Amino acid sequence: MTIQKTLRVIALAGAAALLSACGTPQKPLYQWNGYQSGLYDYFKTNGSNAADQITQLESQLIKNKAANEATPPGLHGHLALLYAKVGNDDAARAHLEAERALFPESAAYVDLLLKKRSPTTAATPTSAGV
């Protein structure tokens, strides 16, 4: 094989590699669907739109499940915050447990939050009035 043929083969292989790399975009690991911008809006408005956020995030969970797409980290945790803010402690607990199940690295923090929200610590009687 001559040097010209070798260079031609290398050039063709390089061009093929470049074209195949640009062919199809890689699918994202998580489906965010506006979660980040909604989170920003929530904190920008000091949480005044909790009910709207709940509706939006629950809708996103349904869409993700229907499309078999992964839920991003923190979404269930944020939903737990929102549900706690509106007084739905059962839904808050369920979403914290879902966050822990999907992302085991969050278990220590979720366990701390669940411990702080447990009814035994929230309803501790005081002896000040006795």
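Predicted model: local features only at pLDDT ≥ 70, side-chain atom pairs only at ≥ 80, totals over all residues.

Me: Why is Leu102 called partly exposed?
Reply: The relative accessible area of Leu102 is 45%. Buried means under 20% and exposed means over 50%, so Leu102, at 45%, counts as partly exposed.

Me: How far apart are Leu102 and Pro72 in space and in sequence?
Reply: Their C-alpha atoms are 9.4 Å apart, while 30 residues separate Leu102 and Pro72 in sequence.

Me: Now to another helix. Where is Ile10, and what makes Ile10 buried or exposed?
Reply: Ile10 sits in helix α1, which spans residues 3-21. Its relative accessible area is 55%, and the cut-off for exposed is over 50%, so Ile10 is exposed.

Me: Which residues form a nonpolar patch with Ile10 on the surface?
Reply: Ile3 and Leu7 do, and together with Ile10 they have about 350 Å² of accessible area.

Me: What is the volume of the largest pocket, and which residues lie nearest its centre?
Reply: The volume is about 260 Å³. The lining has 14 residues, with Gly77, Ala80, Leu81, Leu96 and Leu113 nearest the centre. Elements giving two or more residues to this lining are α4 (75-85), α5 (89-102) and α6 (107-117).

Me: Which element gives the most to that lining, and how do the residues divide by class?
Reply: α6 gives the most, with five residues. By class, the lining has eight nonpolar, three polar and three charged residues.

Conventions. Residues numbered from 1 in each chain as written. Heavy atoms only, no water. Patch = residues over 30% accessible without salt bridge, like charges linked within 9 Å, V, L, I, M, F, W, Y side chains within 5 Å. Areas by Shrake-Rupley, 256 points an atom, 1.4 Å probe, with all protein chains shown as cover. Salt bridge = Lys/Arg side-chain N within 4 Å of Asp/Glu carboxyl O. Helix = DSSP H or I, 4+ residues; strand = E, 2+ residues; numbered from the N terminus. Buried < 20%, exposed > 50% of the residue type's maximum accessible area, 1.4 Å probe, protein only. 1 Å grid on protein atoms, 1.4 Å probe; cavity = no way out; pocket = protein on both sides within 12 Å on 5 of 7 lines; lining within 4 Å. Points joined across faces, edges and corners; volume = space filled by probe spheres on them. Nonpolar A, V, L, I, M, F, W, Y, C, P; charged D, E, K, R; others polar.
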